[in-house]
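This report covers the salt bridges of one predicted model. The structure is shown first, and the pairs follow.

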Amino acid sequence: MKELKAHKERQETQRKRLGEHYQDLDLVICTEIGTLQDPWNVLRVMKRISKAANVTSIRFHDIRHTHASILISEGVDIVKVAARLGHSDPTITLKNYAHLIPNQDDEVADIFHNAIQKSR
C-alpha cells in the first residue's frame, strides 16, 4: 500500500506539471501523460521486476485472477466482484470462481439443526 500511495503521488505531481496536457483516465498503470500503457511495455517491466526480485514470472492477467480469488475467498459478494472485474453478468464470474466461494454448508446445517431443536 505504501508503494501504491507513493506511485499515486508521483502521478499527481506529473498531472499538475502537465496541466491540460495530462489525460486523467484514473489509471494505475499509464504513460507519463496519463494515457493507456502499451501492454508489451507493461509485460517487459513486469518480467524485469520479477527477475530482479527473484520471483516466478507470471502473466499480467494472473494478477486479475489473484485479485478476484482473494476477494471471493474473503466472502465479498459475487455481484460486487463481477462489477469490479467488469463482467456484465455475475454468472460469468460465478462460472469461473465458484470453487472459491467459502463453503457455508456447516453453518447452514447448524442453523437448521438449531431451528429443529427450538421447535421440539
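## Arginine 10 and glutamate 3

Arginine 10 and glutamate 3 are joined by a salt bridge between their side chains, with an N to O distance of 3.3 Å. The term salt bridge applies to a side-chain nitrogen of Lys or Arg within 4 Å of a carboxyl oxygen of Asp or Glu.

Arginine 10 is partly exposed at 47% relative accessibility, while glutamate 3 is exposed, its relative accessible area being 54%. Buried stands for under 20% relative accessible area, exposed for over 50%, and partly exposed for values in between (1.4 Å probe, protein chains only).

## A pair within helix H1

Arginine 15 and glutamate 12 form a salt bridge through their side chains, at 2.4 Å from N to O. Both residues belong to helix H1 (residues 2–18) and are three residues apart, about one turn of the helix. Helices are DSSP runs (H or I, at least four residues), numbered from the N terminus.

Arginine 15 is partly exposed, with 29% relative accessibility. Glutamate 12 is also partly exposed, at a relative accessible area of 31%.

## Arginine 59 and aspartate 62

A salt bridge links arginine 59 to aspartate 62, and their closest N and O atoms are 2.6 Å apart. Arginine 59 is exposed, at 53% relative accessibility.

## Total and basis

The search of the whole structure finds three salt bridges. Side chains of opposite charge can pair when their charged atoms come close.

In this predicted model, local features need pLDDT of at least 70 and side-chain atom pairs count only at pLDDT 80 or more, whereas totals for chains, interfaces and linings use all residues. Residues are numbered from 1 along each chain as its sequence is written, and side-chain values use heavy atoms, leaving out hydrogens and water.

Note on methods
Helix = DSSP H or I, 4+ residues; strand = E, 2+ residues; numbered from the N terminus.
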